[in-house]
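I open this notebook to record, entry by entry, what I looked up in the structure. The entries follow the order in which I consulted the model.

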Amino acid sequence: MSSQNYDLIVDNDKPVLHYRFWRSDENLGNVLIVPGYRNHANMHYELGDYLCSQGYNVMAIDLRGHGLSTGKRFSAHSFDFYAEDISRALKQYKNVLGNPEKFTAKIIAHSHGGLLMHYYKMKHD
């Protein structure tokens with residue numbers, strides 16, 4: 001049994017980010033999906049459904065300017081903006097799960113999303 005919902009990440013002066021979340025009753029692990037350039041969370045609904053059916057919690061995000069998130073369409077002046085979006089998404093993911101102390105997530109990143117994840121990792125290690 002699983003459920004899915006859509007929600008927003010709202011911080012005072014930052015773009016509103018949209019995400020799609022699948023919660024599994026089995027809770028075998030967590031997966032974050034970071035879409036590629038000009039893609040959005042709903043493009044990965046079949047993957048989210050499948051991973052959830054296999055026991056994983058899944059979050060797919062719309063980066064700023066993509067999908068239902070606010071911001072100038074398909075535009076960011078720096079990768080730092082996208083790294084901030086990923087950081088905010090991971091923080092929200094942890095909160096949705098009840099703030100577990102040992103939160104970890106596997107990352108599935110498509111195309112430009114993969115580049116952004118490498119950049120995020122370089123900035124946060």
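This is a predicted model: local features need pLDDT of at least 70, side-chain atom pairs count only at pLDDT 80 or more; totals for chains, interfaces and linings use all residues.

R38 counts as exposed because its relative accessibility is 54%, and the cut-off for exposed is over 50%. I located R38 in the loop between β3 and α1 (45–53). I noted that phi of R38 is near 65°, a positive value in a residue other than glycine.

I then turned to N27, which lies in the loop between β2 (17–24) and β3. Its phi is near 55°, again positive in a residue that is not glycine. N27 is partly exposed, as its relative accessible area is 47%.

Next I checked the span of helix α3 (residues 112–123). At 1.5 Å a residue, its 12 residues should span 16 Å; the end C-alpha atoms are 17 Å apart, which agrees. I listed the buried residues of α3 as H112, G113, G114, L116, M117, Y119 and Y120. These buried residues pack against β3 (29–34), α2 (79–96) and β5 (106–109).

Which residues touch the most other members of the largest nonpolar core? I found L32, M59, I61, L63 and I86, in a core of 20 residues. I recorded that β2, β3, β4 (56–62), α2 and α3 each supply at least two residues of this core. The largest share, six residues, comes from α2.

Finally, I noted a second, separate core of eight residues, including W22, A41, L51 and C52.

How values were computed
Residues are numbered from 1 along each chain as its sequence is written. Side-chain values use heavy atoms; hydrogens and water are left out. Helices (H or I, at least four residues) and strands (E, at least two) are DSSP runs, numbered from the N terminus. The expected span of a helix is 1.5 Å times one less than its number of residues. Buried means under 20% relative accessible area, exposed over 50%, partly exposed in between (1.4 Å probe, protein chains only). Contact means heavy atoms within 4.5 Å. A nonpolar core is a set of buried Ala, Val, Leu, Ile, Met, Phe, Trp, Tyr and Cys residues joined through side-chain atoms within 4.5 Å.
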